[in-house]
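Please take a moment with the sequence and the fold shown below before reading on. The paragraphs that follow move from individual side chains to a helix and then to a sheet.

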Amino acid sequence: MHDYLDIAIRAARAAGQMQKERLWSELDIEFKGEINLVTEVDKACEELIVGMIRAACPDHDILAEENDYAANGAACKWIIDPLDGTTNFAHGFPWFGVSIALEVDGVVRLGVVYHPMMDELFTAVKGEGAFINGRPIRVSVRQPLKNCLLATGFPYDRTWVNENNFDNFMNFQMSARAVRRAGAAALDLAYVAAGRLDGYWECKLKPWDVAAGQLLVAEAGGKVTNHAGDPFSVYDHRVLASNGLIHAEMVAVLKKGPCRVPADVIEMGHK
């Protein structure tokens with residue numbers, strides 16, 4: 001597994017270097033939806049990462065954000081977000097990174113999250129702990145929830161769907177010390193693992209957003225579930241990660257009920 005970890009680290013650092021070099025430059029920006037951006041840097045980083053992985057592991061499957069790759073039914077599957085935080089990157093806001101995970105027989109065995117602007121490399125191999133630049137990290141010991149700092153995000157279709165996370169955001173604002181919304185799920189999870197955040201939740205995520213980060217949290221001694229508190233799969237779009245000590249409190253807040261968008265607003269969003 002450590003040979004695979006070395007591949008992931010080299011790929012993450014190479015993509016991160018490209019991102020640092022292109023930040024604050026003129027970008028070719030496209031739209032995958034009304035407000036969901038993609039830049040040529042996203043695509044170039046994915047090409048770079050996939051190329052490095054395929055050179056070393058040609059028989060492995062690839063699941064990545066920007067392109068569809070034919071599945072071979074291999075036991076090993078790389079799950080890649082080449083540039084997590086594209087909107088931030090496109091606006092010159094320096095909170096973005098690279099997320100690479102390796103799933104073996106349906107279980108995520110290693111994860112790498114790289115924050116190039118801080119040169120912080122978060123790594124984990126299942127059963128071996130979590131690290132930042134080679135130093136062990138642990139989740140925080142803060143409790144109860146009212147003393148804690150949380151993070152979250154909002155889906156791109158938030159203005160015209162009912163599952164938009166607005167209700168949860170307001171409920172947690174009333175229940176925790178503070179809530180941050182920085183815009184890169186992989187980094188939010190890495191920060192929970194490092195004890196800089198005490199908890200994180202979000203909905204409508206993709207496997208590449210969470211695969212590496214959720215392993216970091218688990219290996220740092222934290223807890224990762226879905227919003228109901230049940231076992232988490234990277235293919236479940238609702239994630240809840242915490243230091244474990246406030247997990248039950250966070251589940252209770254998430255069970256308070258969804259926010260309902262008025263029907264006329266939903267109709268307007270589809271026009």
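Is Arg-13 buried, partly exposed or exposed? With a relative accessibility of 33%, Arg-13 counts as partly exposed, and this value, like every other one here, comes from a predicted model. The side chain of Arg-13 forms a salt bridge with Asp-119, in which the closest N and O atoms are 3.0 Å apart. Because Arg-13 belongs to helix α1 (residues 2-22) while Asp-119 sits in the loop between β6 (107-115) and β7 (120-125), this pair ties together parts that are 106 residues apart in sequence. Asp-119 is likewise partly exposed, its relative accessibility being 39%.

Side chains of opposite charge can pair when their charged atoms come close. A search of the whole structure finds 5 salt bridges, and two further ones can be followed here in the same way. Arg-22 and Glu-40 meet through their side chains in a salt bridge with an N to O distance of 2.8 Å. Since Arg-22 lies in helix α1 and Glu-40 in helix α2 (residues 40-56), the pair ties together parts that are 18 residues apart in sequence.

Glu-120 counts as buried at 10% relative accessibility, because the cut-off for buried is under 20%, whereas Arg-196, at 33%, is partly exposed.

Helix α2, which contains Glu-40, can next be looked at as a whole. Its 17 residues should span 24 Å at 1.5 Å a residue, and the C-alpha atoms at its ends are 25 Å apart, which agrees with that expectation. Which residues of α2 are buried? They are Val-41, Asp-42, Cys-45, Glu-46, Ile-49, Val-50 and Ile-53. When α2 is seen down its axis, these buried residues fall within an arc of 155°, and they therefore line one face of the helix. The face of α2 that is turned away from this buried side carries the exposed residues Glu-47 and Ala-55.

Five strands form an open sheet in the order β11-β10-β12-β14-β13, and their pairing is mixed. At its edges are β11 (178-180) and β13 (223-225), each of which pairs on one side only. On average, and with direction ignored, neighbouring strands of this sheet are turned by 20° against each other. Strand β10 (residues 149-151) runs parallel to β11 and is joined to it by 3 bridges, and Leu-149 has Ala-178 as its bridge partner in β11.

Which strands of the sheet does helix α4 touch? Helix α4 (residues 166-175) packs on the sheet and touches β10, β11 and β12, while its direction makes about 140° with that of β11. Helix α7 (residues 247-254), for its part, lies across β10, β12, β13 and β14 (239-242), and it runs at about 150° to β14.

Definitions and conventions:
Residues are numbered from 1 along each chain as its sequence is written. This is a predicted model: local features need pLDDT of at least 70, side-chain atom pairs count only at pLDDT 80 or more; totals for chains, interfaces and linings use all residues. Side-chain values use heavy atoms; hydrogens and water are left out. A salt bridge is a side-chain nitrogen of Lys or Arg within 4 Å of a carboxyl oxygen of Asp or Glu. Helices (H or I, at least four residues) and strands (E, at least two) are DSSP runs, numbered from the N terminus. Buried means under 20% relative accessible area, exposed over 50%, partly exposed in between (1.4 Å probe, protein chains only). Two strands pair if DSSP finds at least two bridges between them. Axes are lines fitted to C-alpha atoms, for helices over the stretch in contact, and angles run from 0 to 180 degrees between N-to-C directions. Contact means heavy atoms within 4.5 Å. The expected span of a helix is 1.5 Å times one less than its number of residues. The arc is that of the directions from the helix axis to the C-beta atoms.
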